[in-house]
Amino acid sequence: MTANFSLTFILRIGIGLMIAVDYTVGNALLTEWLPKGEDSKRQSHLLIYWTIGFILSYLAGSFITGFDSYTWQIILATSAVPALVTAIFRSLFPLPASPGWLASKGKIKTANKVIRKHMGRKWRLPARFMKRNKKKTPRNISWAILFSKQYLRRTLVGGIFYACQAFSFFGISIFLPILLQSMNITSGNISGIIYNGGMFIGVLIGTWIFNKVSRRFYLISNFLISGLLIGILAIVPNLNSILKLGIFTLFAIILSAGLILDYPYPTELFDLKVRATGVGTCITISRIGAAAGTFLLPVLTNVGGASLAMLVCAIVLLFAFIVCLIWAPETSPQFMKK
């Protein structure tokens with residue numbers, strides 16, 4: 001029993017590490033291959049597919065039953081299907097190093113060779129890369145530079161906004177049936193589907209308005225509205241069940257619309273030389289928030305019911321609102337002051 005537990009624990013840590021690496025590298029690689037203006041747009045579209053996968057995982061966890069003590073193992077094993085598809089695809093179509101990263105390391109000729117191979121001979125590095133690389137570029141970037149005066153504010157904003165969002169999103173989404181039951185909302189599976197439907201609608205709405213408002217306004221308003229909505233449910237627990245579910249679904253829509261910023265905003269916070277390190281650090285901090293949410297929410301629900309759990313989520317979201325209101329920089333080109 002102890003050996004099986006230890007092996008399961010090690011395997012799950014390994015899965016988490018691999019996912020974290022893909023979060024970081026995949027994000028940076030996509031951005032560095034796309035033309036300026038298309039990078040953030042394409043990154044926001046990635047969240048649609050991420051949300052589809054998340055909803056499917058919720059459905060798998062809810063409807064795969066009847067295997068007794070092996071049920072959780074079968075549910076966990078379903079994640080091997082998309083992983084295998086991805087592994088086969090990446091084996092058949094290997095991912096090349098990005099031209100931007102190669103250029104940042106002084107490998108101009110290699111970068112142009114990669115561009116010609118994958119995009120055609122009419123393409124080459126932008127002039128800004130050629131000028132930049134006349135100067136010596138440091139070969140290795142330490143993560144400590146992110147906490148220097150130049151990057152500290154951006155690192156804190158990126159990490160705190162991501163962690164606070166992940167705390168509420170993962171905590172509520174993963175333990176949704178427990179939370180709904182504690183809220184006296186019957187038919188947990190149906191209510192969960194409604195919630196997840198609201199989440200998908202939120203991502204679609206977020207993708208649509210992503211480039212229509214400033215990043216800073218989007219971030220601040222999203223945390224404020226979602227914090228107030230979940231706060232209402234926490235402070236006024238005696239609402240009608242249908243009204244509760246309506247507010248909860250609206251909360252899911254608003255919070256999920258904010259997920260659109262998870263990929264592009266941390267990427268835009270950092271320049272090319274520290275981008276991968278900066279995004280990786282923000283993601284690392286966000287996983288602390290996600291782990292805290294998934295650990296604390298069932299504990300809080302057992303201690304003080306759904307109201308206490310949602311009150312803590314509201315406090316976390318409103319804390320992120322205050323941090324972003326004070327510190328969050330504008331990164332959207334069309335809204336930046338010239």
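Helices (H or I, at least four residues) and strands (E, at least two) are DSSP runs, numbered from the N terminus. The model is predicted: local features need pLDDT of at least 70, side-chain atom pairs count only at pLDDT 80 or more, and totals for chains, interfaces and linings use all residues. Residues are numbered from 1 along each chain as its sequence is written, and side-chain values use heavy atoms, with hydrogens and water left out.

The chain holds 14 helices and zero strands. Of its 338 residues, 43% are buried (under 20% relative accessible area; exposed is over 50%, partly exposed in between; 1.4 Å probe, protein chains only). Contacts (heavy atoms within 4.5 Å) were taken between residues at least 6 apart in sequence; 79% of these join residues at least 24 apart.

The chain exposes about 18,600 Å² (Shrake-Rupley method, 1.4 Å probe; for residues, only the protein chains shown count as cover). Carbon and sulfur atoms supply 70% of this area. Phe9, Ile10, Ile13, Leu17, Met18, Val21 and Val25 make a nonpolar surface patch of about 700 Å². Nonpolar side chains (Val, Leu, Ile, Met, Phe, Trp, Tyr) are joined within 5 Å, like charges within 9 Å. Val25 lies in helix α1 (residues 2–33). Val25 counts as partly exposed because its relative accessibility is 49%.

Asp68 sits in the loop between α2 (39–63) and α3 (71–77). Its relative accessibility is 71%, so Asp68 counts as exposed. Phi of Asp68 is near 55°, a positive value in a residue other than glycine. Most residues other than glycine have a negative phi.

Technical notes:
Patch = residues over 30% accessible without salt bridge, like charges linked within 9 Å, V, L, I, M, F, W, Y side chains within 5 Å. Salt bridge = Lys/Arg side-chain N within 4 Å of Asp/Glu carboxyl O.
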